[in-house]
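Morning, everyone. I'll take one structure today and go through it chain by chain. Please have the viewer open.

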Amino acid sequence: MPEFSPTQYAVPLFVIAILIEMAWSRLRAPEAYEPKDTLVSLSFGLGSTIAGALFGGLSVAIVFAAYEYRVFDMGEQWWLVWWAWPLAFILDDLKYYWVHRAGHRIRWMWAAHVNHHSSQHYNLSTALRQTWTGNFTFGLLFALPLILLGFHPVMIGIVGGFNLIYQFWIHTEAIGKMPRWFEAVMNTPSHHRVHHATNPRYLDRNYAGVFIIWDKMFGTFEPERDDETIRYGIVKQLGSFNLLWCVFHEWIGMITDIARAPWKHKLSYLLREPGWSHDGSRETSDMIRARWRDRTQQGAQRETSPVANRNPIAPPQEAA
Amino acid sequence: MLIQFGGSLIAILVLAGLAVFLKLGGKTALRDEAAVSQAANEVEDGFETMRSSIARGGQAALARDPTGRIMVIKRHGNKYAGRVLTPSATAKEQVDALIVDSGEARFGTVRLSLADAPYWADAINRL
């Protein structure tokens with residue numbers, strides 16, 4: 001059985017790429033980095049590796065146990081089945097899309113994934129801002145169909161590693177847009193900047209890992225606009241560089257909400273979307289977008305000329 | 001494993017140190033009402049700043065919307081973070097500054113040197 005972890009080999013490349021981006025930042029955009037933020041992001045990366053080693057054992061045991069119930073068998077030397085590798089990569093990326101979407105739409109999952117979004121900066125160090133608590137969610141369940149189909153857990157681990165490596169380079173403002181054919185199929189810095197934005201238009205969009213086609217297929221794609229400055233981070237910015245608060249703030253918030261909520265609403269604070277509240281005192285991303293649409297459309301209507309008002313085929317206007 | 005951890009830790013400190021050495025980040029400050037209004041709108045989309053006061057140095061500000069809601073904004077690195085204040089917020093006047101406690105422990109208190117501190121202290125404590 002091959003023992004290979006692509007991410008371990010990629011770490012020196014990550015460091016070199018960050019150095020290059022820092023040099024770019026010094027020359028072109030010093031505000032792209034913030035030393036304290038960089039320190040927090042990189043500490044997240046190291047802590048994530050340690051947390052994975054400490055708490056990943058149960059997940060590994062579950063996937064190997066599930067593999068015993070596989071529908072198709074690729075044989076003892078499964079790694080020699082060449083066509084299984086690209087197929088596993090594509091299916092794993094589809095799995096990533098859904099686990100990532102769940103990471104934004106289910107608060108329990110968001111409690112772990114919010115870490116990756118809590119920086120107000122968007123640079124290559126942000127890519128390493130990985131969760132410490134992913135093993136305390138049910139994200140693993142999304143991988144089980146692939147295991148039960150007959151893909152070996154190690155194969156899924158390896159292609160997943162390459163998926164993660166691909167996603168590293170798209171966390172940058174240094175690259176504008178890639179060629180059109182590439183932007184059409186692949187996830188790019190432009191598409192992923194949208195994903196990290198808190199602008200109402202961009203909230204909960206572009207969940208893709210490697211192939212942006214999943215967002216186009218499932219209705220969550222939003223292209224980056226040149227006329228709208230992106231704000232990065234989370235809707236309620238933390239305002240703190242305390243690493244432990246950054247790691248655990250959403251878990252603490254969620255558990256507090258569950259403890260305080262009436263019994264019939266407790267499960268909703270675990271499984272409904274972030275921002276949901278039983279008394280309507282907070283806003284979900286859908287509510288923020290709806291409020292923004294109302295506001296901008298009202299503003300546009302005030303500015304629309306009488307001629308356009310009478311024109312039934314005039315497109316609706318929308319301020320940035 | 002231990003060598004890997006040590007190596008990663010050194011790399012982290014070197015990269016963060018380099019960011020300081022290269023003077024990345026820089027300093028940002030709220031200079032005028034338009035800047036406060038923009039920052040407030042980033043904290044909460046659609047927040048309409050009707051009245052605002054900027055702390056000396058531009059490190060923090062207070063903004064009020066037409067419905068009477070008050071937002072405190074503070075510098076966070078080279079960005080801004082803020083909170084719309086709730087009744088749990090308090091404001092205390094000191095000799096040279098107004099201390100605004102958002103009521104959220106981790107967001108902390110914000111110190112503002114303002115010319116119109118009494119107005120804001122009264123408004124915040126009445127929320």
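A term before we start: a residue counts as buried if 20 or more other C-beta atoms lie within 10 Å of its own. Keep in mind that this is a predicted model.

Now apply that term to strand E4 of chain B. Of its 6 residues, 5 are buried, so E4(B) is largely enclosed by the rest of the structure. Its partner is E3(B). The two strands pair in the antiparallel sense, over 6 bridges. One pair to click on: B:His76 has B:Lys79 as its bridge partner in E4(B). The hairpin has 2 residues between the strands, and B:Gly77 there takes a positive phi near 65°.

Next, helix H1 of chain B. The helix runs over residues 2-21, which is 20 residues. From first C-alpha to last, H1(B) reaches 28 Å, close to the 28 Å expected at 1.5 Å a residue. Which residues of H1(B) are buried? They are B:Ile12, B:Leu15, B:Ala16 and B:Ala19. Look down the axis of H1(B): the buried residues fall within an arc of 95°, so they line one face of the helix. On the other side, B:Leu2, B:Ile3, B:Gly6, B:Ile10 and B:Phe21 are exposed. What do the buried residues of H1(B) pack against? Two helices of chain A: H1 (6-28) and H2 (35-55). After H1(B) comes B:Lys23, with a positive phi near 60°.

That brings us to the contact between the chains. On the B side, 25 residues are in contact with 31 residues of chain A. Three elements of chain B each supply at least two residues to that side: H1, strand E3 (70-76) and strand E4 (79-84). H1(B) gives the most, with 9 residues. By class, the side of chain B that touches chain A has 12 nonpolar, 7 polar and 6 charged residues.

Last, chain A itself. Its secondary structure is 15 helices and 0 strands. How does its radius of gyration compare with a compact globule? For 320 residues the rule gives a value near 20 Å; chain A has 21 Å, which agrees. The C-alpha trace of chain A spans about 75 × 55 × 45 Å along its principal axes. Buried residues make up 35% of chain A. Now contacts in chain A between residues at least 6 apart in sequence: 69% of them join residues at least 24 apart.

That's my tour. Over to you.

Terms used
Residues numbered from 1 in each chain as written. Chains lettered and ligands numbered in written order. Predicted model: local features only at pLDDT ≥ 70, side-chain atom pairs only at ≥ 80, totals over all residues. Helix = DSSP H or I, 4+ residues; strand = E, 2+ residues; numbered from the N terminus. Expected span 1.5 Å × (residues − 1). Buried ≥ 20, exposed ≤ 12 C-beta atoms within 10 Å, placed from the backbone. Arc of directions from axis to C-beta. Contact = placed C-beta atoms within 7 Å. Rg over C-alpha atoms; globule rule 2.2 N^0.38 Å. Nonpolar A, V, L, I, M, F, W, Y, C, P; charged D, E, K, R; others polar. Pairing = 2+ DSSP bridges.
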